[in-house]
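Take a look at the model before reading on.

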Amino acid sequence: MTLSQASPSKLHQPSEIPVGEHLARRARALLVPHPFAAEMSKDQVASLLPEYLAMSQAFPHLQAGSQKDLIFDAIRRNRDLPRDVELTSVVANFICWDETGGHSRVLQGGNAALPSILDTENFHSKLFRTDASRLLGRAIQPNYSTTTSRYLRALYHGLSSRDPIVRCAYMVAFELHAAEMIQALWTTLVRTFDARTDLEYFQVHVGGEDPAEKYHGEMTSRLISELVPADCNSRFLAEFDRAYGLSLEWCRNLVGIDSLDGDGRPEVEHSGRCHCGAVKFYVRAPAEISAVKCNCSICQMSGFLHMLVADDKLRIECGEERLTTYQFNKNIARHTFCRVCGVKPFYRPRSNPSGFSVNVRCLDKTTIESIRIDDFDGENWDLAIRSLQAD
């Protein structure tokens, strides 16, 4: 049984990761300043608000539903529900309950107020829609654009991970980022529209005397001591940075602060791994991937699907010591394989020895919008590469 599959009750050394304000400071170091704090025109803000509404509308339901496969796994295996699932489920369910207005209703009216939860106008996304529509002078609808849909799918993928450390990292990162994001957007809206600060959605989350977002951050941060053993601190922090970066990248994309490839296309961060998971990596590339299928002997046998990237676009998260190198023929290409499972997730190709060729088949599909595949005649490599360079 791997550590990620172990029940937390069997882990004797709890995490030593500093939580609360310490982790919040680590998060803020990743975003100074937040993209939503940038100077924006009214038109820019007007295009951003429907995207934000879509996220606000979908997130609580994705959060609550993210644990369903873990429950069905226990049903399928006829086993007791692991404590890590109980912990992430109760936090996820409360966040959904709070975001859909239930918690505030009970605080204000006690149990007698429970029937009034059917008034969906108290959903926080509805409060945001009202605030935004008032500022713009017209009603707005959620915009599930490609950017926002891709973000929500990737977010759900992390929140529903079978690995409790990954689930914990995504929960904590989303809530800590949300506090900074909402505060930055509130400030921008007040500045851009010369609005008063009594916008109800923002008062509930980060304004007023007792804003909720602080408690969301504290609640999710407490999961760390329950779910992350001391010897997995570095892995948790790496997953936290990745999850925080996912939300931050969505915000950057919405305000046009994109990372671009050499052809000027926006880039996203894809995650990848070998078959056994011993080797994990991240690579920055467009969501619409251009890949090459080669017919040389080794590519035909291994089924490698090439995506060429510069050296600084690929970052190995773990397992570099598990890689072994194989070379043949001209001994220029350095084919790197996982020693455990034998899969080649990336390597230094002959055509780009200072960069990498990434195996598209090893990438997480949640960040890929499309794949265009071109053929390359690797059996006649010299002639084919000259033709490619000429083109």
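A salt bridge is a side-chain nitrogen of Lys or Arg within 4 Å of a carboxyl oxygen of Asp or Glu. The model is predicted.

Q: How many residues separate arginine 315 in strand 5 from glutamate 269 in strand 1?
A: Strand 5 covers residues 314-318 and holds arginine 315. Glutamate 269 sits in strand 1. The pair links distant parts of the chain, with a separation of 46 residues.

Q: Is arginine 315 buried or partly exposed?
A: Buried means under 20% relative accessible area, and exposed means over 50%. Arginine 315 has 43% relative accessibility, so this residue counts as partly exposed.

Q: Which arginine in helix 11 is linked with glutamate 269 in strand 1?
A: Glutamate 269 lies in strand 1, residues 267-273. A salt bridge of 3.6 Å, N to O, joins glutamate 269 to an arginine. That partner is in helix 11 (residues 233-254), 27 residues apart from glutamate 269. The partner is arginine 242.

Q: Why does arginine 242 count as buried?
A: The cut-off for buried is under 20% relative accessible area. Arginine 242 counts as buried because its relative accessibility is 14%.

Q: How many salt bridges does a search of the whole structure find?
A: The bridges from glutamate 269 to arginine 242 and to arginine 315 are among them. A search of the whole structure gives a count of 17.

Q: Which two helices does the salt bridge of arginine 167 and aspartate 84 link?
A: The closest N and O atoms of arginine 167 and aspartate 84 are 2.5 Å apart. The two residues are 83 residues apart in the chain. Arginine 167 is in residues 164-193 and aspartate 84 in residues 83-99. These are helix 8 and helix 4.

Q: Which residues are linked with Asp73 in a network of salt bridges?
A: Each bridge needs a Lys or Arg nitrogen within 4 Å of an Asp or Glu oxygen. The network includes Asp73.

Q: Which residues form a nonpolar patch on the surface with about 290 Å² of accessible area together?
A: One member, phenylalanine 72, is placed in helix 3 (residues 68-77). Phenylalanine 72 counts as partly exposed, at 48% relative accessibility. The patch is formed by Ile71, Phe72 and Ile75.

Q: Are the rings of phenylalanine 59 and phenylalanine 174 stacked or edge-to-face?
A: Planes under 30 degrees apart count as stacked. Phenylalanine 59 in helix 2 and phenylalanine 174 in helix 8 are 115 residues apart. Their ring centres are 3.8 Å apart and their planes are at 15°, so the pair is stacked.

Q: At what angle are the ring planes of phenylalanine 304 and tyrosine 347?
A: Phenylalanine 304 counts as buried at 3% relative accessibility, and tyrosine 347 counts as buried at 6%. The ring centres are 5.3 Å apart. The pair is edge-to-face, so the angle has to be over 60 degrees. The planes are at 90°.

Q: Over the face of which phenylalanine does arginine 348 lie?
A: A charge over a ring needs CZ of Arg within 6 Å of the ring centre. Arginine 348 lies at 3.9 Å from the centre. The ring belongs to phenylalanine 356.

Q: Which element gives the largest share of the largest nonpolar core?
A: The core has 63 residues, of which Phe36 and Tyr52 touch the most other members. Elements giving two or more residues to this core include helix 2, helix 4 and helix 11. The largest share is 18 residues, and that share comes from helix 8.

Terms used:
Residues numbered from 1 in each chain as written. Predicted model: local features only at pLDDT ≥ 70, side-chain atom pairs only at ≥ 80, totals over all residues. Heavy atoms only, no water. Patch = residues over 30% accessible without salt bridge, like charges linked within 9 Å, V, L, I, M, F, W, Y side chains within 5 Å. Areas by Shrake-Rupley, 256 points an atom, 1.4 Å probe, with all protein chains shown as cover. Helix = DSSP H or I, 4+ residues; strand = E, 2+ residues; numbered from the N terminus. Buried < 20%, exposed > 50% of the residue type's maximum accessible area, 1.4 Å probe, protein only. Phe/Tyr/Trp six-rings, centres within 6.5 Å; stacked < 30°, edge-to-face > 60°. Lys NZ or Arg CZ within 6 Å of the ring centre and 35° of its normal. Core = buried A, V, L, I, M, F, W, Y, C linked by side-chain atoms within 4.5 Å.
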